[in-house]
Amino acid sequence: MRARRMKLVGGLAVAVAVVGGLGATGAAAAPGGGEGPRYTAGAPGAGDAYFPYAGNGGYDVQHYDLDLTYAPPAPEPAPLEGRLDGIATIDLVATQDLNRFNLDLRGMDVRSLTVNGKAATAIAPPAIGATVDGAAYWHVQDDDRRVWELTVQPRPKLKAGQHAQVVVEYGGTTTVPLDIEEAEYGWVTTRDGAIVASEPDGSMTWYPVSDHQTDKASYGFEITVPEGKVVVANGVQSKPEETSGGWTTWFWDAPDQQASYLTTASVGDFDLRETTYSSSGVPIIDAVDTKLSPARLATTNASLARQADMIDFFESRFGAYPFNSFGSIVDNDSVGYALETQTRPVYSSQASQGTVAHELAHQWFGNAVSPERWQDIWLNEGWATYATWLWTEQNGGTTAQQAYNAWYAPARTTAYWSLQIGDPGPLGLFASQVYNRGAATLHALRVEVGDEAFFAATQLWLERYDDSAGTAEDFQAVFEEVSGEDLDGFFQTWLYGQAKPPATWTLP
Ligand code: TRP
Ligand code: ZN
């Protein structure tokens, strides 16, 4: 048992006796012993080596219903802080006999908590907890170690296989959260609303969640903002917005399985445009900040006008578009990057054509099929980059082979070549090598196995792991199965080699 630092959270005294390790904790024998249920605590993490406290064990979330009210910051010189209040209704299934389990929640105060509408009995020592509206919780927050955990003690306890509905009422001041490398992410407060982009573990800054892609779920949103503001979330509007008393409520529905880092509910002064469609009938719903400069608006409009063609092209290579809709959120504010939020990527300042192709490709690579561990990030970024090479070639630009050669040719530092893209470390998730060596890996693989096997294996990968997640080893296995080749040496060289790969795949 290791003691961790303690903080006051939401005015509550917080016991930070996190039971050692991430395995099952707090085992309690069933009365009578032997055959009965054995209730233990769900693990405080999903088991990801890069983000040990992201996600949780012991249950599987089916659906999140997020009923939020958000007040953006007052005009300058008021601080850049908003106010978020929410009721999260979480449907889950226990995967073990549970006496308690965790949710991830960062920087928000919990006001009440129920499980199946029921009061919990008081928490026994040694944990110091609080009883709020009957259900007990205690909240661990250690910002230095990036541990943000809300522990729920359901009474009665949950048996494996049992469904439960958890209702958390919470709220807090929103600021500008930072990820492990100090990039802005999560519920990023902007002067006119919020940019919500949460890769890899920022969803916990705005709702209680099992914040790891191995636990996907569907989502419903009911989000209330001052009249005049527009909320754009994942999926489609389930009914028209409703206004009363100076507030407008927006209803969005995202029925497809979705990883938590891909959830968005961005708020701003958006022009929510009329829906257009791809040839295959995918609805495209765009929201563009009304304050973009004329030059950025022109760039953005030209890029968004290509979305239907891009869907057509990627469907011809990768198979059917995986979700119920697509479209873009283009915010005048900037977090410094774009993110492939499911069905509805967010863009900072403007949307360039290459970035739109990149974020669209992620809908197949990363979103429909997610990286099982964060170390598998090259499967996201390598693929999105490679798909953009394919789109450029399709448009009469540089061919994929030329792009590969252009990446391969220049002299680069030892440090550049030494990064193992198959295990880049939590601070290397978005290193340029993950993108470009990742794309080059895929091109070299295509040259290695031939076009036919490459695209057949790609489609098999997408079918087999749809709505789920896979590892680099799973990916290799699919390509070996389809090509009949042993690809161990290939993947060792490309994913884990710390030198420039040989020129074998560089063609004229
Ligand atoms: N996944 C994003 C993309 O490539 C990039 C991204 C997410 C990012 N978070 C970041 C880039 C933080 C830099 C810093 O589309
Ligand atoms: Zn990307």
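The questions and answers below look at a sheet and a cavity in this predicted model.

Reader: In the open sheet of 7 strands, which strands stand at the edges, and why is one side of each left without a neighbour?
Author: The order of the strands in this open sheet is S6-S10-S4-S3-S13-S16-S15, and their pairing is mixed. Each of the strands at the edges has a single partner strand, so one side of each is left without a neighbour in the sheet, and these strands are S6 (109-115) and S15 (236-244).

Reader: Which residue in S16 is the bridge partner of Ala217?
Author: Strands of a sheet can pair in a parallel or an antiparallel way, through backbone hydrogen bonds. Strand S13 (residues 217-226) and strand S16 (residues 247-258) run antiparallel and are joined by 9 bridges. Within S16, the residue that is bridged to Ala217 is Gln258.

Reader: Which element gives the largest share of the lining of the largest cavity?
Author: The structure holds 1 cavity of 30 Å³ or more, and the volume of the largest cavity is about 30 Å³. Its lining includes Phe365, Val369, Leu379 and Trp461, and the elements that give two or more residues to this lining are helix H4 (378-394) and strand S24 (369-371). The largest share, 3 residues, comes from S24.

Reader: How many residues of that lining are nonpolar, polar and charged?
Author: Among the lining residues of the largest cavity are Pro371, Ser370 and Asn380. The lining as a whole divides into no charged, 4 polar and 5 nonpolar residues.

Definitions and conventions: Residues numbered from 1 in each chain as written. Chains lettered and ligands numbered in written order. Predicted model: local features only at pLDDT ≥ 70, side-chain atom pairs only at ≥ 80, totals over all residues. Heavy atoms only, no water. Pairing = 2+ DSSP bridges. Helix = DSSP H or I, 4+ residues; strand = E, 2+ residues; numbered from the N terminus. 1 Å grid on protein atoms, 1.4 Å probe; cavity = no way out; pocket = protein on both sides within 12 Å on 5 of 7 lines; lining within 4 Å. Points joined across faces, edges and corners; volume = space filled by probe spheres on them. Nonpolar A, V, L, I, M, F, W, Y, C, P; charged D, E, K, R; others polar.
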